[in-house]
Each structure stands twice: as C-alpha cells, then as structure tokens.
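Open the chain in your viewer and show it as a cartoon. The stops below say what to select next and what is there.

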Amino acid sequence: MLNKLLSLADWFAASAWPLLPCPDCSSGMSVDRRNFSDVETFESEVNHDHPDFEADWVHGHFHGVVNCGNSQCGTRVIVIGDFKLGVSDYGQEIEWHGECWSHHYKVRYTHPPILIINRIDGIPDDVWELVRDASRLTWVDPAAALGRLRSAIEALMNNFKIKKLNAKRNPRPLHDRLVDFKKKNTEVADLLLAVKWAGNDGAHGSGATTADVLESAELMEHAFKLLYDKDPLLLRRRATAINKARGLPRTRQSK
Ligand SMILES: [Zn+2]
C-alpha cells in the first residue's frame, strides 16, 4: 500500500494525480474532472494586482471527487486539500517569466477514508476500526494517526489475551505486552514494536509526518499478513507437515 500512497504524502503536480486505492475494492481511483474545483483564497486573488506579484504567490484550496475504476464497485471518495502554483516540467498550464507553472496539490482529507492498510479477513473488528480512524487522520493530523495505530496494537494484544493489567491492577505498558507477545510470534512482535516506537514519537509531538504514518502502516500491514493471510499460513503449515514427514506426503505414500 505504501508505494500507492506515498505520492500523496507531499505536494504533487495536477498532471501526476496518483491512482488511489479504492477503500471498498482496492481498484485504482481516478479524478473526476467534472467534480473538481480549485478555490483561490481572497488574499491570493487580491495579490494579482500587486506590483511585485510572482506566480508562486498564488494559492488556495481544492475539493473534488475520485471515482473507482471498477464498474462493479463505483465507489466515490471526496478529497479536500490545498493548491499552489509550482514550476512544472509538464502540464504548462501557465507561463510566467519564461517558466512553466501548473497547479500542485496537497491532500488534507479524504471521505470515506482512503485506507492506509489493505484489509485482510480475520483482522478483529475493534482493531480494524482503529486502523480506519488512523486512515481518516493520516493527512489531517499525522501524530493523531500514529496514536490510533498504537491503540490498534493495544486492541490486537487484547485479542491475543496478552495481560492488560499488572498485579496492582494498573495498565501494563504496551512495550511489556509486546515483549510477552514475542513468545507467541517474534516476527510480528518486532514489527509491532517498531510501530509502537513511531507512535511514541507522534504522541510526543516531534513533528510526525504523513510519510511517517504510511511507513508505520506498511509495517503493520505486514504484521497483519503474517497473522491472518491464509495463503502464507497454509504454505507454512504445509512446510511444517513436510518437515515432520521428512518428505512430501505423496513420496511417503509411494514407498
Ligand atoms: Zn472500488
């Protein structure tokens, strides 16, 4: 999911709108040009008459719709954000003092939320709700989104019955719970510990970015795959069966 969304983490040229993953079917979603508007701020519009006016003074907001390309699905997502003029190698919407300028966008909100993690059957509902919340906050408040991913790990630990309270009936630190979880699944525990550290940084307000959230989400997606994706699970079980039998079952039968 990271590669598909990373281009939305920063400003991008209008001609480079990424194909966003549909929240319902994961197909690519593209911009509906009939339902897309840039709204220049009043200040920016007034500045056009300023004697020192430069193209990079132009800025404002945008709102629009992206449509799922899968005709069986048809989901529509509203996107909201900011626009500015930026120098562009392509597009050439405006020429200013010999340079090509075009509209550049920064997404601030999507509704329904573009999901930062692919859903896999088996992820508990309470965990998934927190991932959805994180997705909603990813562009508007990255620190809060990291906090939601951390809460999703707490909920996941509850689902695996990892002790929540200490002997004094106080909540145990998430770190200690993940260390306990290592006994069940070391690989997943290590991935989730990394997400927890990133979440700590976010909670302490050290300038978390959308890219930070997307990178944490990628680690979490991998953890979910290891826990719930049936294909690798089946393959691992098959490998265990082969190792136990010291050969393929049919080899043993042919003996
Ligand atoms: Zn769709």
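Two residues are in contact if their C-beta atoms, placed from the backbone, lie within 7 Å. Keep that in mind for Leu149: apart from neighbours within four places in sequence, Leu149 is in contact with Ala134, Val195, Gly199, Ser216, Ala217 and Met220.

This is a predicted model, in which local features need pLDDT of at least 70 and side-chain atom pairs count only at pLDDT 80 or more, while totals for chains, interfaces and linings use all residues. Residues are numbered from 1 along each chain as its sequence is written.

Whole chain. The chain has 9 helices and 7 strands; helices (H or I, at least four residues) and strands (E, at least two) are DSSP runs, numbered from the N terminus.

Strands. Select residues 20-21, strand S2, and residues 28-40, strand S3; they pair in the antiparallel sense over 2 bridges. Strands pair if DSSP finds at least two bridges between them. Pro21 has Gly28 in S3 as its bridge partner. Between the strands of this hairpin lie 6 residues, and Ser26 takes a positive phi near 70 degrees. Opposite Met29 stands Cys68 in S4.

Core. Which residues have the most contacts inside the largest nonpolar core? Select Ile116, Ala134 and Leu149; the core has 45 residues. Such a core is a set of buried Ala, Val, Leu, Ile, Met, Phe, Trp, Tyr and Cys residues joined through C-beta atoms within 7 Å. Buried means that 20 or more other C-beta atoms lie within 10 Å of a residue's own.

Key
Buried ≥ 20, exposed ≤ 12 C-beta atoms within 10 Å, placed from the backbone.
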